Protein chains: 2
Amino acid sequence: MLEKIDLSKKADKETFKQVMETEGGRLAGLQRECKAAGIPVMIVFEGMGAAGKGVQINRLIQALDPRGFSVFATNSSNEEERMRPFLWRYWTKIPAKGRIAIFDRSWYSIVQRDRFDCPDENLDLEGAFQDILSFEKQLSDDGTVIIKLFLHISKEEQKKRFKKLDNSKETSWRVNKQDWKRNKEYDSYLKINEEMLEKTDTEYAPWTIIESTDKDYGAMKILTTVADRLALALENKRAARKESEKKQNQASAKRFQNGVLSGIDLSKSLTKEQYKKELDGLQKRLENLHNELYRLRIPVVLGFEGWDAGGKGGAIKRLTSHLDPRGYQVNPTASPNDIEKVHHYLWRFWNNMPKAGHIAIFDRTWYGRVMVERIEGFCSEAEWKRAYQEINEMESHMANYGAVVLKFWLHIDKDEQERRFKERMENPAKQWKITDEDWRNREKWDLYEQAVDEMLVRTSTTYAPWIVVEGNSKYYARVKVLRTVVEALEAKIKEVKKQQKHERFKRQEETDR
Amino acid sequence: MLEKIDLSKKADKETFKQVMETEGGRLAGLQRECKAAGIPVMIVFEGMGAAGKGVQINRLIQALDPRGFSVFATNSSNEEERMRPFLWRYWTKIPAKGRIAIFDRSWYSIVQRDRFDCPDENLDLEGAFQDILSFEKQLSDDGTVIIKLFLHISKEEQKKRFKKLDNSKETSWRVNKQDWKRNKEYDSYLKINEEMLEKTDTEYAPWTIIESTDKDYGAMKILTTVADRLALALENKRAARKESEKKQNQASAKRFQNGVLSGIDLSKSLTKEQYKKELDGLQKRLENLHNELYRLRIPVVLGFEGWDAGGKGGAIKRLTSHLDPRGYQVNPTASPNDIEKVHHYLWRFWNNMPKAGHIAIFDRTWYGRVMVERIEGFCSEAEWKRAYQEINEMESHMANYGAVVLKFWLHIDKDEQERRFKERMENPAKQWKITDEDWRNREKWDLYEQAVDEMLVRTSTTYAPWIVVEGNSKYYARVKVLRTVVEALEAKIKEVKKQQKHERFKRQEETDR
């Protein structure tokens, strides 16, 4: 389709001046309205080399209030970024509510420039497209406006521009070998771009192709496109608000839900002697595994959820006590702070995802979305229902990158919880652990049980399973957590080594031929 | 997640009787309402062997008006079906508006049973999942309610049931070797099912897991699930109707659209001598290629669109004149008939998709959705906007199956059209070709041009390109169509042969080791 676009479009000076003025004014007003309405906006500039991305970004921001936007240039990834899935660097840069983030090149590099410049045999291209689609869908579902602009020029025009840049001392550094290669093999590079546009042109994040032979025409079209999209988003937001007011509490309760917790045998236990022996052995094994993980660059994500007083803290303590503190991090999850509240709910967890070779332990997790936020009404019904898939996508993203992802539900019954609550109140050293809120939550036990059952069924996946830990016996629970982690790491390490061996073998074979 | 489900749930006789009666009555009423509202419904039964699909389908249909549903049992595919993409057989069976289609096993076999029973190395598993997702999304967007039930029992329960069946003469034929294999390797089969549920559990077509140890409990849950989903669909339809009445004509016109037609050079032409020579050579090449296509089982889809009197008929005639009529079919596309009107708009085209090795030529196509239906308001704005993606998905589905897909736009200018219209009116042999409607359409030239531009940009893809044919000279146009087809077929044949050679080589290599 790109080769079909009529690139001869031009603007005359008069129209240009007039459109830039009226649309610029309109855009400034819309930016203020979006800020008031708390709408985050992402504007992506992609396109052919020398199509004028820099110039156009500059022209666009002339119309904007500089306190309301940030521009991110996408250079090669740094060390921190290379040790995480490719979208991680963009998750950390998503705009807060009411702000605009402008990207000079973006998450599309991996399926576009990188794919052409340095083809990576191991790249799972379809997987990368899926990751991009789910990234944009999640943000868009959360209310982010995503505007994607593709600046297009012809082979001849590009050649002319490269030559002009090359001929001047000040600008010749801006054209490199790769640029020329992309010009020489323009048709095959165009095909890659074409495929990218095909696969990622969605209703929620459509591409707009900007004919960029004439920069004035391009500038007009960009300004108008951005303004139109913001206007539409504001209109949709107003309509949605009215709609949701009507719909509230129309939904009927769900009957016949699948159960999990009802089948758990809480009588399992260990004696103190068994416990000490097992604990000791497992902790030593884990210590050794930790070194191997680091060497093999395997990231590990461990999430802990469970009833209040279920024993999360104790289990985490036994898990980490023999580990090198430089190789793991425990992330306690409290209620979101003000900064966190104005971002996508997964943003703060993305920020804490482990680097390759490191372990991240989450004491309470992103599952708050489908438990406390669901029950207390901190998010809408549509939001928590959507969250199951969003969470699965995030975890599969980590798993595809090679991470071990495990989630533990520390399960106790209501009587055991009461016993522990009372014990805490009577023990001065533990009193800080118990609050009025804990007692209030306890009254909602049945609601929580329903939510937890649904969560376990919907988000226990082959790549990121839930482990329900029988927790009435703390000894039993701690050992089960440790053993599960140890066995999962051993399996993963075996798998990675086997794969490496296979690759070495393949390389050897190729050399031998 | 499947291994976590508590399968011990039971119904007592009293509750069972009562629920079946009240829910059965409710369901019958909802079926009538859905019929009146024109809502198509698909109910899919999947699950573990001997979980009781047959029994449960039987119980469900007790509550339904038999004139309103059909049950399809999914057996091995027949010859007709094996020569087309795997979803073809289901596209041809989608329910008309107001009807219910019940599937005993379904399009999920390919990613479930088949995957376990006879693993196919060449199966693109991710591709199959994507095809399933887009199939369900398209139907759901069109208003179809998709209810997917997964009947679940444990390994032990399954074994018990197989044994019981095996022990009786009347039923022993129902348990075969594969069934026992699936029981023996229950865990790995469960994992395949688990992955299937994970990848295809969507908001628009969610899975419901039915605990089937106790058949009464299962029946209650199924009846209630189906009734709840129908009630929700009716409610949503009512809400959507109100919403769309409000929104009508709120959308603003799109400015700065990408153009294609404006850049086309219509002065291209051929002399009669050039034409005859080229035509003759190309037709002979095509004749030979047709045999090769057949031998290599390559399906070919050729779509023709263009201005009225643009020369579609003449081009198709020259294309087919040397072809073996058993190997191609020309499908003229008129306004949809009554049967077609109550199905998804792509249904009638799916019905006419070519078998492997055959050529299907469409004189006017599925693109009517984004041209005449858009302009005359025969479908809603949301519908034609969504259609670009739906059409791309259908074409990519064919292309993934190995088809050559080409679309021709026969382009003439307004003056040339007028000349041809007048010629037709004056020539008694051609008068039938021109109607008042043609003159009326001509008045909407600018609207059509805008729609065509958008269509060409949005649906010309790497796997199914649009070819804009400069049509003022009929000679030039016919030769360009023929040449394009010949070259595309030659390229495809070369690709397929290369691939076959590669596979032979690989097999040989494996034998040699």
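Two strands are taken to pair if DSSP finds at least two bridges between them. Helices (H or I, at least four residues) and strands (E, at least two) are DSSP runs, numbered from the N terminus. The structure is a predicted model, in which local features need pLDDT of at least 70 and side-chain atom pairs count only at pLDDT 80 or more, while totals for chains, interfaces and linings use all residues. Residues are numbered from 1 along each chain as its sequence is written, chains are lettered from A and ligands numbered from 1 in the order in which they are written, and side-chain values use heavy atoms, with hydrogens and water left out.

In chain B, Leu302(B) has Ile361(B) of strand 8 as its bridge partner. Strand 6 (residues 300–306) and strand 8 (residues 359–363) of chain B are paired in the parallel sense over 5 bridges. An open, parallel sheet of 5 strands in chain B has the order 7-8-6-9-10. Its edges are strand 7 (328–332) and strand 10 (466–470) of chain B, each with a single partner strand, so one side of each is left without a neighbour in the sheet. From one strand to the next the twist averages 20°, where axes are lines fitted to C-alpha atoms, for helices over the stretch in contact, and angles run from 0 to 180 degrees between N-to-C directions. Helix 20 (residues 474–512) of chain B packs on this sheet and touches strand 6, strand 9 (404–411) and strand 10 of chain B, contact meaning heavy atoms within 4.5 Å. The direction of helix 20 makes about 165° with that of strand 9 of chain B.

Another open sheet of chain B, also with parallel pairing, has 5 strands in the order 2-3-1-4-5. Strand 2 (69–73) and strand 5 (207–211) of chain B lie at the edges with a single partner strand each, so one side of each is left without a neighbour in the sheet. The twist here averages 20° from one strand to the next. Strand 2 and strand 3 (residues 100–104) of chain B run parallel and are joined by 5 bridges, with Ser70(B) opposite Ala101(B) in strand 3. Helix 2 (residues 53–62) of chain B packs on the sheet, touching strand 1 (41–47), strand 2, strand 3 and strand 4 (145–152), and its direction makes about 155° with that of strand 1. Helix 9 (residues 186–200) of chain B touches strand 4 and strand 5, at about 160° to the direction of strand 4.

The contact between the chains takes 45 residues from chain A and 45 residues from chain B. Chain A and chain B bury about 3,800 Å² between them, 46% of it on carbon and sulfur atoms; buried area is the accessible area (1.4 Å probe) that two parts lose on being put together, summed over both. In chain A, Lys4(A), Phe256(A) and Thr462(A) lose the most area to chain B, together 19% of what that side buries. Between the chains there are 2 salt bridges, each defined as a side-chain nitrogen of Lys or Arg within 4 Å of a carboxyl oxygen of Asp or Glu. Arg458(A) forms a salt bridge with Asp201(B), with the closest N and O atoms 3.3 Å apart.

Over all chains the count comes to 102 salt bridges. Asp216(A) forms a salt bridge with Lys13(A), the closest N and O atoms being 2.8 Å apart. Asp216(A) lies in helix 10 of chain A and Lys13(A) in helix 1 of chain A, so the pair ties together parts 203 residues apart in sequence.
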